[in-house]
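Okay, thanks everyone for coming. I'd like to take a few minutes to walk through one model. Have a look at it first, and then we'll go through it piece by piece.

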Amino acid sequence: MSIKSVQQHLKPFMLPLAILGGILFYKPIASLQWLVPYLIFTMLLITFCRVKPRDFVIGRMIWYLLAIQVFGSVALFFLLRPLGLPFAQAAMICVLCPTATAAPVVTGMLGGSIARVASYSIICNLTVAIVAPAFFVIANPDADIDFFAEFLIIAQRLAPMIVFPLGSALLLYFCAPRVHDAIDRAQGMSFYLWAISLLLVVGKAVGFVLSEPANKIPLLTAMAVAAALVCVAQFYIGRRIGARFGDKISAAQGLGQKNTVLGIWMAISYLDPISSIGPAAYIIWQNIINSYQLWVQEKKRIKYHIK
């Protein structure tokens with residue numbers, strides 16, 4: 001059996017194994033949390049190298065999706081705020097969180113537009129880098145902090161991790177095209193980097209959960225249920241918006257498939273750490289939806305003998 005064949009057989013189990021590993025080995029991997037920002041940077045760089053400037057697609061569909069992501073997250077936060085601050089934060093981050101680095105890959109497998117999803121990924125990541133600091137300050141109304149001072153602190157930490165990969169990708173495209181093309185051909189690496197990041201952030205989230213008293217179990221359960229509802233709603237809304245522009249798949253994946261690694265990291269870093277259960281649970285729900293979609297697509301491929 002070739003190495004490529006082994007990889008194809010193992011790939012479907014990588015993310016579940018990463019989640020399981022994070023749960024089982026959360027203590028040993030605690031010392032490796034410093035790697036997460038670098039892994040996120042690398043994943044975004046690989047994704048951004050996938051789209052050349054001439055392939056950049058901006059249309060009305062992207063602005064509709066972005067409006068849902070930005071204004072929807074704020075509206076959901078204030079709607080759920082009376083039910084508890086961590087609960088509202090958990091739901092908010094599940095909407096605000098940008099598109100997953102693996103979304104273009106899944107979109108391509110489902111027959112959608114890779115360029116459109118990758119373009120939306122770039123735009124929504126940049127938007128999150130701009131608006132997230134303000135959102136995080138607003139989402140901590142009980143904290144005794146100076147709004148603008150805290151905004152600048154968060155922006156200085158978050159923006160470079162998202163903006164620098166895009167700048168690096170553009171710099172490589174114009175100044176070192178061979179390196180840019182080499183990274184473009186290594187898109188499969190982002191999946192494995194995602195798995196490693198998932199292992200680390202799930203371990204971090206598990207550590208926070210286990211440190212919570214037993215009376216927090218109802219809250220954790222409520223967050224997981226809320227994440228499921230938010231996940232289904234975003235895939236559904238994405239498909240409805242995409243139907244208006246003849247691209248259900250791209251819109252659904254762009255809005256519904258989230259970079260939960262970044263979401264968990266942001267929740268732990270800037271919100272109540274227990275709110276990270278929201279994006280942590282979202283990992284499970286979006287992978288169930290994606291697995292079902294890919295299974296249906298494979299059944300169609302076999303039925304109609306599509307290569």
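Quick housekeeping. This is a predicted model, where local features need pLDDT of at least 70 and side-chain atom pairs count only at pLDDT 80 or more, while totals for chains, interfaces and linings use all residues. Residues are numbered from 1 along each chain as its sequence is written, and side-chain values use heavy atoms, with hydrogens and water left out.

So, the fold. The chain has 13 helices and 0 strands, where helices (H or I, at least four residues) and strands (E, at least two) are DSSP runs numbered from the N terminus. Of its 307 residues, 49% count as buried; buried here is under 20% relative accessible area, exposed is over 50%, and partly exposed is in between, with a 1.4 Å probe and protein chains only. Then there's contact, meaning heavy atoms within 4.5 Å. Among contacts between residues at least 6 apart in sequence, 82% join residues at least 24 apart.

Now the helix pair. Two packed helices are described by the angle between their axes and the distance between the axes. For α2 and α12, the angle is about 145 degrees and the axes are 11 Å apart. The axes are lines fitted to C-alpha atoms, for helices over the stretch in contact, and the angles run from 0 to 180 degrees between N-to-C directions. Which residues of α2 and α12 make the contact? On the α2 side you have V36, P37 and I40, and on the α12 side V261, L262 and W265. That divides into 6 nonpolar, no polar and no charged residues. For the record, nonpolar covers Ala, Val, Leu, Ile, Met, Phe, Trp, Tyr, Cys and Pro, charged covers Asp, Glu, Lys and Arg, and the others, Gly among them, are polar.

L45 is buried at 14% relative accessibility. Setting aside residues up to four places away in sequence, L45 touches P165, S168, A169 and I183. Take I183: it sits 138 residues from L45 along the chain, yet their C-alpha atoms are separated by 8.4 Å.

Buried or partly exposed? F56 is partly exposed, at 32% relative accessible area. F56 touches V51, S119, I122 and I123, again not counting residues up to four places away in sequence. F56 and A115 are 59 residues apart in sequence, and 6.7 Å apart C-alpha to C-alpha.

Two serines next. S73 is in helix α3, and S73 is buried with a relative accessible area of 0%. Leaving aside neighbours within four places in sequence, S73 is in contact with I68, M92, V95, L96 and F135. S275 is in the loop between α12 (260-270) and α13 (277-303), and S275 is buried too, at 0%. With residues up to four places away left out, S275 touches P86, Q89, A90, M223 and A267.

On to charges. Side chains of opposite charge can pair when their charged atoms come close. How many salt bridges does a search of the whole structure find? The search finds 1, counting a side-chain nitrogen of Lys or Arg within 4 Å of a carboxyl oxygen of Asp or Glu. The partners are D247 and R116, with the closest N and O atoms 3.0 Å apart. The pair links distant parts of the chain, 131 residues apart: D247 is in the loop between α10 (217-244) and α11 (248-256), and R116 is in helix α6 (residues 114-138). D247 is buried at 10% relative accessibility, whereas R116 is partly exposed at 23%.

Last, the cysteines. The disulfide count is 0, with a disulfide being a pair of cysteine sulfur atoms within 2.5 Å. For C94, the nearest cysteine sulfur is that of C97, 7.8 Å away. C94 is buried at 2% relative accessible area, and C49 is buried at 0%.

Okay, that's my tour; over to you.
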